[in-house]
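Dear colleague,

Please find the structure below, passed on for your reference.

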Amino acid sequence: MSRYARLFCLAALALPVASPALAQYADSPSSGEVSHQFSSGANRVGQGATQIGEGIKNGAIMTWDAMKNGAHAFANSFNGDQSNSPHYNSSSQ
């Protein structure tokens with residue numbers, strides 16, 4: 001095989017291997033696009049953190065209301081109001 005034929009075969013084999021890397025390099029985003037992606041991602045993280053904070057706040061409010069209602073029911077059981085007590089069993093009296 002001649003020298004030029006071997007060079008041509010080598011180039012023909014190397015081109016398909018190198019073309020995806022070359023295409024990716026040619027289609028790489030500009031620095032403005034990258035900064036926009038980072039900014040957009042940061043905004044989404046901020047929105048997610050806000051939603052998590054709202055969920056925690058709402059959970060704390062619901063827990064406080066449940067504890068307050070439980071304390072009222074417990075206090076009412078000492079005041080003689082057995083209807084609000086969850087442990088009251090009318091057959092035991």
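**An aromatic pair in helix α2**

F74 and F78 lie four residues apart in helix α2 (residues 31-78), so about one helical turn separates them. Please note that the model is a predicted one. The count of aromatic pairs comes to one.

**The chain as a whole**

The protein chain has two helices and zero strands. Of its 93 residues, 3% are buried. The accessible surface of the chain is about 8,200 Å², and carbon and sulfur atoms account for 63% of that area.

**Salt bridges**

Side chains of opposite charge can pair when their charged atoms come close. Across the whole structure, the search finds two salt bridges.

One of them joins the side chains of E54 and K57, at 3.5 Å from N to O. These two residues are both in helix α2, three residues apart, which is about one turn of the helix. E54 has a relative accessibility of 39% and therefore counts as partly exposed; K57, with a relative accessible area of 43%, is also partly exposed.

Another links K68 with D65, whose closest N and O atoms are 3.9 Å apart. Because K68 and D65 are three residues apart in helix α2, about one helical turn lies between them. K68 is partly exposed at 39% relative accessibility, and D65 is partly exposed with a relative accessible area of 33%.

Yours sincerely

Note on methods:
Residues numbered from 1 in each chain as written. Predicted model: local features only at pLDDT ≥ 70, side-chain atom pairs only at ≥ 80, totals over all residues. Heavy atoms only, no water. Phe/Tyr/Trp six-rings, centres within 6.5 Å; stacked < 30°, edge-to-face > 60°. Buried < 20%, exposed > 50% of the residue type's maximum accessible area, 1.4 Å probe, protein only. Areas by Shrake-Rupley, 256 points an atom, 1.4 Å probe, with all protein chains shown as cover. Salt bridge = Lys/Arg side-chain N within 4 Å of Asp/Glu carboxyl O.
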